[in-house]
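The sequence and structure are shown first.

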Amino acid sequence: MLSSLQPPRTLSRFPSKPIYLFRKTSLKPLSSQPITNSTLTDQSQSQTHSQILSIRHSLLCGQLTATQLVESFLTRLRQTEPHLRSFLHVSDTVLRQANELDEKIKRNEEVGPLAGVLVGVKDNICTAGMPSTGGSRILEGYQPPFDATAVRKIKELGGIVVGKTNLDEFGMGSTTEGSAFQVTANPWDVSRVPGGSSGGSAAAVSARQCVVSLGSDTGGSVRQPASFCGVVGLKPTYGRVSRFGLMAYASSLDVIGCFGSSVEDAGILLQAISGHDKLDATSSKQEVPDFTSQFISLNLLESKPLKGLRIGLIRETLDDGVDSGVNSAIRGAASHLEELGCSVSEVSLPSFSLGLPAYYILASSESSSNLSRYDGVRYGNQVTADELNALYGDSRAKGFGHEVKMRILMGTYALSAGYYDAYYKRAQQVRTIIQKSFKAALDEHDILISPAAPSAAYKIGEKKNDPLAMYAGDIMTVNVNLAGLPALVLPCGFVDGGSAGLPVGLQMIGAPFDEEKLLKVGHVFEQTLQNCRFVPPIITDDVAS
Amino acid sequence: MASTVFRSLQSFPFCLHPTTLFRRKNGIFYCTIKGKHSQTATQEKQTSNVKVSSHPAIKTLDKILKDYEAIIGIETHVQLSTLTKAFCNCPYNYGSPPNTSVCPVCMGLPGALPVLNSKVIDSAIKVGLALNCKLSLNSKFDRKQYFYPDLPKGYQISQFDIPIATGGFIDLDLPVEFGGGHRRFGITRVHMEEDAGKLLHSDSGSYSQVDLNRAGVPLLEIVSEPDMRNGIEAAEYAAELQRLVRYLGVGNGNMQEGSLRCDVNISIRPIGQSQFGTKVEIKNLNSFSSVSRAIDFEISRQVQLHSQGQGDQIVQETRLWEEGAQKTVTMRKKEGLADYRYFPEPDLPGVILTDEYVKDIHNSLPELPEIKRRRYEKMGLSMQDVLFLANDINVAKYFDATIAKGADVKLAANWIMGDIAAYMKNEKLTIDEIKLTPQELAELIASIKAGTISGKIGKEILFELLAKGGTVKGIIEEKDLVQIIDPAEIEKMVDKVLLDNPKQLEQYRGGKTKLQGYFAGQVMKASKGKANPGLLNKILLEKLNAKSS
Ligand SMILES: [Zn+2]
């Protein structure tokens, strides 16, 4: 049987190392895994498989047409979307693209490594000919004339953009309640937030509305929602992925990141979008390794696969203010890593608590400048005014939401003459200190670990009127952006809440441009995690009722 | 997709928001006026008769002016003629239809990022070195933030606290007709930045339009020390900067097209006072003569106010030079200092130069105007000649090429400044467009000097070469123009003329010696102008005065 499953066509770029077996089953639209049903591994840990590779095999083996595949996703999307509201826009060309792909496969033409993979794209990432609003009223109806570099690369490899996902306006927020258009719900408990700002992208992958998705991470906007929604979130090193086409929030911190339901999918997506871009002067010329080559499938793992790996548990991240359930989940994850052969020790980052204020000063300062272009003159919503200052003032007053205005004001203040030294300059100095302390910790350890957020997903509206409480929730993630490091968040356990518990994410932080190690370790971790199945109840329950 | 970018442009081609109703406020907006071709300060001032001191209403002003000194500093924006804009791949051509040279980057679309054109750095280094500045090997870009419709991103990418070049100077020679003299003016700083777009206002004033073709074009801002004392010095400073960018080939320096723009800061104080007066800024100076005249107007305005005890009416403001009325008028009063909230541009990495890179550029610099002038001076040319020849890089190159072919320096200068310049002026040609090559000019000068042709014939050949090209030798041969220097041949012609004009010869010998000219003309005519005049006259006289045989 194995031999009959050799891929009949050439693969272009991603090796299909793990060999999965597929049953010819009819599609059950609401099952958690419509495509892959591994016969090799226990169903209880079946969420660790790459959907991307499964799709590829199914398509190339002729077990499934792209049209069937896409329809199954679209059906689920239609059923879950009224409860989740994770998309601001769903493309109407998805079926046509699937059709074209089927024709290609029929003609035996080579198809890209992301062929048939449905990708959700955060709405602050530009997509040609598709609305890209950044979740802001000021860009309502705006359609960019170009694709972001990350989107262009995904399309070139055969990926299909299924739609634009919801977010906190311009990425400013941690709940996705800050969208000008809708509030997205957490698939694990629709009364809770999915996290933010990439809440739509996280929820969409969690609910299997799409295979993978792109988010952006300025202070944790990929990692915290990944934790809240029980999916894998990857924030690459600053400069690893081109920012061209990402609506700038804080240019020196912004990165485009990846969501997947497995580490492998996140890695494959990162592979697709990485690399230097001549359209982004801050994108790195660092060579992009093959992130997927280090993945070892479970059956080939040794008993201590991570032997010799030095893990540092950041002491300051398990201080007061961290939910006890989160605390024990992370300590459990640390023990699990020890079982895999790692040596785990606590490491102190004394500057850790300085990160939050420094982040909010720098991010607000840069955003106050980056958002100046939304003036209603060339594009976006413009109010009728009979005088120039009124044109600016009214267009921006009507176009921006509360949180955005607050950050513009904070940033404008911090950059003003007489305050610059006390705020912006000082925050930059703190940033340097943080970078140094991370460097020191990463000289002693291969990977640093911490929670991705101090708590699991909280209720919609709970922190809406308490911005400081919301900002405090970013404590686990902002330091990583200030230091420009890569970090992987993957589900590691649950706390009580909702009908099936709420997922908790483990954050692994690596040295600059060492995503490869994070992915390798993350892949082993997720495959060996027992009794955890990170499929939200919304797609296991009968949502249609 | 284009409908997004040019949303309202579709129905109203060059009007971004036809319904835009912001009103034009008193003179805040102005458009660059298309004008005639640029002239140098020297040329312009020769034709400029407007002198503040000649104003009939201010008879004693000249006297009062002597008790004051003006402190003048200039901020100059030089557009760099790189193939593409500073941060995107759009070309820039002056006069293109509005919004035809734009892209997501220079339109400030969401998600677009700037990428520095390295030619901008090269140009900045060249200018920095030419201005004797110290270069910052570690500089950076900053954002200068303000809202204006011609500024698509809401900030201008510029350099704030670490400009690429600082602390230099520029040397120049004032024109002889203005008293001459050498001057050295300090340069405070040179920094790189991007240009803004242009606003166009409807005739009715009911709406305004934005043209972003110019947005993102690279500029160098050159700030002088307040070292100038009058309009002539300021205009010559600007002219020298223009000369410099043209010599360096980094820009066209054309003032009418706005490729070189000067904002002047000016204050006055009684001589002997150390404290500076209130600084006034003047804008809208579209030519060197307007720089000069606006400053002289402004000095007299301020001096008059001060001398009449109304010094408090000199306020910190920006004034506009009105070319038609020949005066400055208030454009806007300063309301405190504008806060541009500068901070380092996070989209661009720092600008790091190596010594080696700078050295390479230094070694590739052409001979600069000041060095050229000193060299010409040492050759024995007068200052008038030196300034004329060094003023225009192309003329200087032509002159240098001519003397490199061995031509006599003074003669080459005379030909270029005389007949060649006159021809160029009449035909409205530049020196690059004439058909006479430096090689042939040198040949022509040599042929005359050697006596192969006469000066008169030389002139004829010159005009032929200017219009049609060819070689001196070719024309001499083709037209058989070699000078006759064989005395026997000339003697023959003289004999024939004397024989043919017995009556005149009789009159001459009868005492009417004036007729010598007549005979000389006849001989020259017979020789078709080729007879050596000296020989001709010598032989003619001998024959005329010989006892009749
Ligand atoms: Zn452009």
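## Overall architecture of chain B

Of the 549 residues in chain B, 51% are buried. The model is predicted. Chain B contains 18 helices and 16 strands.

## Zinc site

Four SG atoms, from B:Cys88, B:Cys90, B:Cys103 and B:Cys106, coordinate the zinc ion at 2.2 to 2.4 Å. The arrangement is tetrahedral because the angles subtended by the 4 donor atoms run from 101 to 114°, and four donors count as tetrahedral if all angles lie between 85 and 135 degrees.

Along the chain, the donors are spaced as C-x1-C-x12-C-x2-C. B:Cys90 and B:Cys106 both lie in the loop between β1 (68–79) and α4 (118–130) of chain B, so this pair ties together parts that are 16 residues apart in sequence. Both B:Cys90 and B:Cys106 are buried.

## Interface with chain A

At the interface, 42 residues of chain B contact 48 residues of chain A. Together the two chains bury about 3,800 Å², with 59% of this area on carbon and sulfur atoms. B:Pro110, B:Leu113 and B:Phe147 contribute 17% of the area that chain B buries against chain A, more than any other three residues.

The interface has 1 salt bridge. A:Arg243 pairs with B:Asp347 in a salt bridge whose closest N and O atoms are 3.0 Å apart.

Technical notes:
Residues numbered from 1 in each chain as written. Chains lettered and ligands numbered in written order. Predicted model: local features only at pLDDT ≥ 70, side-chain atom pairs only at ≥ 80, totals over all residues. Heavy atoms only, no water. Donors = N, O, S within 2.8 Å, 3.2 Å for Na, K, Ca; no water. Tetrahedral: all angles 85-135°; square planar, octahedral: opposite > 155°, others 65-115°. Helix = DSSP H or I, 4+ residues; strand = E, 2+ residues; numbered from the N terminus. Buried < 20%, exposed > 50% of the residue type's maximum accessible area, 1.4 Å probe, protein only. Contact = heavy atoms within 4.5 Å. Buried area = accessible area lost by both parts, 1.4 Å probe. Salt bridge = Lys/Arg side-chain N within 4 Å of Asp/Glu carboxyl O.
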